[in-house]
Amino acid sequence: MTRPKMNSERASHRLAEISALADEVAEEICPGTGRVDPFEIAAHLSIPVLAGNYRNAFDGLLEFRGGEFYIYYDAERLGGPDNSRVRFTVAHELGHWYIDEHRECLKQGVKPHGSWTGFVSDNAVEREADCFAAHLLMPRSRFSPKACAIGPNLKEIFELAQEFDVSRTSCVVRYVNSNVYACAVVLVSPENRISWICTSKILADRVYPTVRPGVLDNATGTLGRIARANADPDFGIHDGPVDASTWFRYADGSRDEELFEEVVSLGRFGTLIFLSTEE
Ligand SMILES: [Zn+2]
């Protein structure tokens, strides 16, 4: 995930290590080709998972108390154990346990933080746990063949989200990171500011990794699609062509090409924009 102010090889190397760790855990504890169950993994680790009403204090929390770890999730906000957001939240808290630095902080008495999960937080620690969760629920060996078999469009990616029982946002991010096509996904805040962008390596090899400053100030086509998506109560996909130079600067300074832009509302989380070089 690349942010306007944070992009380093070290960060991407670390996320690659975390992805590999999550892939290993999934294969070891939930082998096969089916759905990965984070509750089964917590049970394997003897970590109780406790649902409750935590009054919007967090989506999830990993706590170290009396020598034991506990996972909590807000069932009032997120729903029951089969809800994809609960599954992602429990997987995210497992990330805080499996990632050494996160777990050791808690064991050394650092106060646990409440997690806001599902690629909505700006915090680097939260991003790492989200990355772990995405790979735990969509392991490479199960996800990559399916990602290769579909076209680069939101309709088919959302079908994959249903198959893996994950949120649409986490599935799109996972798809872009699987590097099958030259594509990118952007989260736009409800105030029409770019929260983050994730660019596939194939596309990032051709363009500068950050989007143009003020990209949304004059991108009338994109702004129109965002407005229509947010006015659409059925969360429909609003699409159309856009010049790549609207979003990106090309490394060789001369190229431009047409991208296909798909926009979908995420309600109170803002708007998701998927950009690809193939319609
Ligand atoms: Zn967290």
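A residue counts as buried when 20 or more other C-beta atoms lie within 10 Å of its own. Glutamate 262 has 23 C-beta neighbours inside 10 Å, so it counts as buried. The model discussed here is predicted. The protein chain holds 13 helices and eight strands. Buried residues make up 39% of its 279 residues.

**Overall dimensions**

- The radius of gyration of the protein chain is 19 Å. A compact globule with 279 residues would come out near 19 Å, so the chain agrees with that expectation.
- The C-alpha trace spans about 60 × 35 × 35 Å along its principal axes.
- Take the contacts between residues at least 6 apart in sequence: 58% of them join residues at least 24 apart.

**The three-stranded sheet**

- Three strands form an open sheet in the order E1-E3-E2, and the pairing is mixed.
- E1 and strand E2 (60-65) stand at the edges. Each has a single partner strand, so one side of each lacks a neighbour in the sheet.
- Neighbouring strands of this sheet are turned by 25° against each other on average, direction ignored.
- Helix H4 (residues 84-98) packs on the sheet and touches E1, E2 and E3. The direction of H4 makes about 35° with that of E2.
- E2 pairs with strand E3 (residues 68-74) in the antiparallel sense, over six bridges.
- Glycine 60 has tyrosine 73, in E3, as its bridge partner.

**Nonpolar core**

- Nonpolar side chains tend to be buried together in soluble globular proteins.
- The largest nonpolar core has 70 residues. Leu136, Leu137, Cys171, Val172, Ala184 and Val185 touch the most other members.
- Helix H6 (residues 124-137) gives the most to this core, with seven residues.
- Domain 1 (9-137) and domain 2 (181-276) each supply at least three residues to this core.
- Leucine 136 touches Ala22, Val25, Ala26, Val36, Pro38, Ala91 and Leu94, leaving out residues up to four places away in sequence.

- Helix H9 (residues 168-177) is mostly covered, with nine of its ten residues buried.
- The buried residues of H9 are Thr169, Ser170, Cys171, Val172, Val173, Arg174, Tyr175, Val176 and Asn177.
- Isoleucine 157 belongs to helix H8. This isoleucine is buried, because 22 other C-beta atoms lie within 10 Å.
- Beyond residues up to four places away in sequence, isoleucine 157 touches Cys171, Val172 and Tyr175.
- Isoleucine 157 and lysine 146 are eleven residues apart in sequence, and their C-alpha atoms are 9.6 Å apart.

**Glutamate 262**

- Glutamate 262 sits in strand E7 (residues 258-265).
- Its contacts, leaving aside neighbours within four places in sequence, are Asn153, Leu154, Ile237, Asp239 and Phe274.
- Tryptophan 97 is 165 residues away from glutamate 262 along the chain, and their C-alpha atoms are separated by 36 Å.

**Positive phi values**

- Most residues other than glycine have a negative phi.
- Serine 46 has a positive phi, near 60°. It lies in the loop between helix H2 (38-44) and strand E1 (49-52).
- Serine 46 is exposed, because it has 8 other C-beta atoms within 10 Å and the limit for exposed is 12 or fewer.
- Aspartate 165 also has a positive phi, near 60°. The loop that holds aspartate 165 runs between helix H8 (154-164) and H9.
- Aspartate 165 is partly exposed, with 17 other C-beta atoms within 10 Å.
- Asparagine 179 follows H9 and has a positive phi, near 60°.

Key: Residues numbered from 1 in each chain as written. Predicted model: local features only at pLDDT ≥ 70, side-chain atom pairs only at ≥ 80, totals over all residues. Helix = DSSP H or I, 4+ residues; strand = E, 2+ residues; numbered from the N terminus. Rg over C-alpha atoms; globule rule 2.2 N^0.38 Å. Contact = placed C-beta atoms within 7 Å. Pairing = 2+ DSSP bridges. Axes fitted to C-alpha atoms, helices over the stretch in contact; angles between N-to-C directions. Core = buried A, V, L, I, M, F, W, Y, C linked by C-beta atoms within 7 Å. Domains from an automatic or database assignment.
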